[in-house]
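Trainee: Hi! Could we go through this one together?
Mentor: Happy to, let's have it on screen.

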Amino acid sequence: MDPKLLEAIQKKVKDIDKLEELDSRHPRFKAWQASVRSILKNLPPEFNNEVNDFKRLSFEDTKYHRGKNLYDPSKKDKYIKDLESARKILAGLAAKAEENKKPADS
């Protein structure tokens with residue numbers, strides 16, 4: 001993996017701490033999500049499982065709640081849970097890339 005991609009992924013993991021106070025509709029979060037997707041597009045095929053796992057994260061509760069407002073910014077449980085999942089996925093990608101970077105002992 002390109003060292004610049006690895007560096008970019010590690011930076012995005014660090015950025016998650018700043019995003020926890022926001023919500024899934026905040027422009028800064030949307031920009032972060034778009035940039036992560038852009039980085040993930042450039043990864044080699046051996047990272048497809050992790051890329052697909054990240055793409056499956058919705059970051060907001062999309063279920064219909066009868067008689068309730070569809071969107072309540074104070075209810076960020078799903079957002080926080082998916083941010084933590086994103087942190088694990090991206091950190092796992094970085095670790096896997098580091099592992100692949102090391103020369104094999106022959």
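Trainee: Which residues are buried in H4?
Mentor: In H4, Tyr79, Asp82, Leu83, Ala86, Arg87, Ile89, Leu90, Leu93, Ala94 and Ala97 are buried. Buried means under 20% relative accessible area, exposed over 50%, and partly exposed in between, with a 1.4 Å probe and protein chains only. Helices here are DSSP runs of H or I with at least four residues, numbered from the N terminus. A word on the basis: this is a predicted model, where local features need pLDDT of at least 70 and side-chain atom pairs count only at pLDDT 80 or more, while totals for chains, interfaces and linings use all residues. Residues are numbered from 1 along each chain as its sequence is written, and side-chain values use heavy atoms, with hydrogens and water left out.

Trainee: What covers the buried residues of H4?
Mentor: The cover includes helix H1 (3-19), helix H2 (27-41) and helix H3 (48-55).

Trainee: And how confident is the predictor?
Mentor: The mean pLDDT, the predictor's confidence in each residue from 0 to 100, is 85 for the protein, and 81% of its residues reach 70 or more. Among the elements, H2 has the highest mean (95) and H4 the lowest (91).

Trainee: Back to the inside. Which residues touch the most other members of the largest nonpolar core?
Mentor: Trp32, Leu40, Leu43, Phe54, Phe59, Leu83 and Leu90 do, out of 26 residues in that core. H1, H2, H3 and H4 each give two or more residues to this core, and the largest share, 8 residues, comes from H4. A nonpolar core is a set of buried Ala, Val, Leu, Ile, Met, Phe, Trp, Tyr and Cys residues joined through side-chain atoms within 4.5 Å.

Trainee: What does Leu83 touch?
Mentor: Leaving out residues up to four places away in sequence, Leu83 touches Ile16, Leu19, Glu20, Phe29, Trp32 and Phe59. Contact means heavy atoms within 4.5 Å.

Trainee: Where does Phe59 lie?
Mentor: Phe59 is in the loop between H3 and H4, and is buried with a relative accessible area of 0%. Its phi is near 65 degrees, a positive value in a residue other than glycine. Most residues other than glycine have a negative phi.

Trainee: New topic: which residues form the aromatic cluster?
Mentor: Phe29, Trp32, Phe54, Phe59 and Tyr79 form one cluster. Rings of Phe, Tyr and Trp (its six-membered ring) pair if their centres lie within 6.5 Å; planes under 30 degrees apart count as stacked, over 60 as edge-to-face and the rest as tilted. The count comes to 6 aromatic pairs. Trp32 and Phe54 form an edge-to-face pair, 6.1 Å centre to centre with 65 degrees between the planes. Trp32 lies in helix H2 and Phe54 in helix H3, so the pair ties together parts that are 22 residues apart in sequence.
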